[in-house]
Amino acid sequence: MEAKVLRMLVPMALEGLKVTLGVFAVTLIMSLPLAIVVAKLRMSKNKMISKITGTYIYIMRGTPLLLQLMFIFFGYYRVPYIGYPFSREQAIVIAFVLNYTAYFAEIFRGGINSIDVGQNEASQVLGLSKTHTFMKIILPQVIKNVMPSIGNEVITLVKDTSLVYILGSSDILKAARSVSNVYAAFSPYIYIGIVYLVIIAILTKLLDKIENKYDYYR
Amino acid sequence: MVLSVENLSKSFGANIVFHDISFSVNKGEIVCIRGKSGEGKTTLLRCLTALETPDKGSVKINNMYLCKEDSNHIKYAQKNELQAIRQEIGLVFQNFNLFPHMNVMENLMEAPLFLKKDSRENIKSRAEELLKSLELEGKEDSYPFQLSGGQQQRVAIARACMLNPSVLCFDEPTSALDEQTRGQISKIIRYLSSKGIAIIIVTHDNAFADEIAQKIITMKDGKITIEPK
């Protein structure tokens with residue numbers, strides 16, 4: 001019985017792993033840089049820009065990701081004038097990137113605020129431009145400060161990828177569910193749980209490594 | 001005359017920090033600005049280094065105007081002028097504000113490299129020279145947290161000197177130093193002044209001001225009194 005379960009689960013799980021890791025990687029690659037831009041906009045002196053960005057963050061953090069996925073796939077094309085029928089993959093990427101950008105942006109905003117104003121002033125007195133100051137003086141210090149919080153979100157993201165089932169995409173958890181239904185067995189869930197743990201273990205190691213990389217200064 | 005301040009005023013809302021003050025600083029001169037806490041010494045220094053914008057009056061550094069009074073309107077330097085002026089006037093902050101993620105050499109080279117003052121090799125050898133004269137040899141690869149307060153201050157001085165300023169300002173340079181390091185900082189300040197750099201020191205340390213200053217400016221109730229020594 002268990003052999004049959006595994007024979008069915010392994011190929012499905014491998015396919016599902018592509019979806020899980022794909023959504024994870026694309027979301028991370030796109031939302032991290034975007035989040036820095038959004039954090040800067042949120043901190044803009046222009047009240048209008050700051051307010052619009054604040055509203056975006058409020059909506060993204062104030063509604064479930066599941067609902068956002070559903071809205072973008074099933075609801076957005078009904079919106080007059082700007083509606084567009086996104087494909088399943090597009091909807092998944094858009095929802096995840098929009099959602100995670102909002103969370104990451106708030107983390108970056110906190111990180112930027114935590115940097116002593118003296119760092120900006122010293123750069124100003126030395127004649128460094130604003131962009132140069134942000135990229136070379138402020139951002140490297142921000143990254144060190146926000147790494148633990150970013151790490152938390154990165155781990156949550158791995159688990160959130162399972163929400164793609166709502167749009168009919170097959171990730172690893174969906175694979176477990178299908179096999180479990182066929183054989184009326186619970187073990188596929190255990191195996192997939194272990195897969196999640198392995199992914200998280202690798203990520204934790206990686207995140208630790210990045211954190212340690214910034215340990216050279218205080 | 002390297003720096004001249006005329007009829008400078010600054011207030012924050014209804015709070016007048018200083019009003020209508022004028023003074024000048026000559027090449028190589030050591031000027032101390034003293035006064036009690038809250039008398040606006042640091043604000044004055046911040047106006048001179050363009051970290052604050054004064055409300056009225058003019059500031060001229062090496063014949064370039066940081067701001068000037070123009071038919072009852074204050075005119076501030078444009079962006080590119082400002083960058084040129086900033087290279088003429090350096091500031092050593094009270095808490096130094098070194099870049100913690102950069103080692104000593106990187107702290108020194110960052111600004112001149114950005115401003116393309118010279119080739120990388122020349123900038124590096126200038127940094128080495130400065131570190132040597134400030135007794136920081138061998139500290140090139142150290143990070144700020146690995147240095148003592150006095151050493152950090154000297155790195156901050158070296159960093160400001162990398163741009164060859166005509167005027168170097170110090171905000172409370174003796175506040176965090178022990179007796180011995182205090183002696184060292186006055187030695188350094190005298191050395192810089194002997195090289196022709198005008199020095200402006202904001203301090204509430206009267207003994208230090210008496211010891212080092214060639215001119216003392218006292219701030220009280222938004223006005224200044226100048227006593228030459």
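Predicted model: local features only at pLDDT ≥ 70, side-chain atom pairs only at ≥ 80, totals over all residues.

Author: Start with pairing: two strands pair if DSSP finds at least two bridges between them. Residues are numbered from 1 along each chain as its sequence is written, and chains are lettered from A and ligands numbered from 1 in the order in which they are written.

Reader: What is the order of the open sheet of six strands in chain B?

Author: The order is β7-β8-β9-β3-β10-β11 of chain B, and the pairing is mixed. The twist averages 20° from one strand to the next.

Reader: How do you know that β7(B) and β8(B) pair?

Author: The definition asks for at least two bridges. Four bridges join β7(B) to β8(B), residues 167-171, and the two strands run parallel. One bridge partner is Val167(B) in β8(B), which faces Ile89(B).

Reader: Which helix lies across β7 and β8 of chain B, and at what angle to β7(B)?

Author: It is α5 of chain B, residues 149-161, running at about 170° to β7(B). Axes are lines fitted to C-alpha atoms, for helices over the stretch in contact, and angles run from 0 to 180 degrees between N-to-C directions.

Reader: What is the pairing in the open sheet of five strands?

Author: The pairing is antiparallel, in the order β2-β1-β4-β5-β6 of chain B. The edge strands are β2 (15-25) and β6 (73-76) of chain B, and each pairs on one side only.

Reader: How many bridges back the pairing of β4(B) with β5(B)?

Author: Three bridges join β4(B) to β5(B), which run antiparallel. At least two are asked for, so the term pair applies. Ile61(B) has Met64(B) in β5(B) as its bridge partner. In the hairpin of these strands, with two residues between them, Asn62(B) takes a positive phi near 45°.

Reader: How many bridges link β1(B) with β4(B), and β5(B) with β6(B)?

Author: β1(B) and β4(B) pair over five bridges, in the antiparallel sense. Ser9(B) has Lys56(B) of β4(B) as its bridge partner. β5(B), residues 64-70, and β6(B) pair over four bridges, also antiparallel. There Lys68(B) stands opposite Lys75(B) in β6(B).

Reader: What makes Lys116(B) exposed?

Author: A residue is buried if 20 or more other C-beta atoms lie within 10 Å of its own, exposed if 12 or fewer, and partly exposed in between, with C-beta atoms placed from the backbone. Lys116(B) has 8 within 10 Å, so the residue is exposed. Lys116(B) is found in the loop between α3 (104-114) and α4 (120-133) of chain B.

Reader: How many residues of chain A are in contact with chain B?

Author: 16 residues of chain A are in contact with 18 residues of chain B. Contact means that C-beta atoms, placed from the backbone, lie within 7 Å. α5(A) gives the most to the side of chain A that touches chain B, with six residues.

How values were computed
Contact = placed C-beta atoms within 7 Å.
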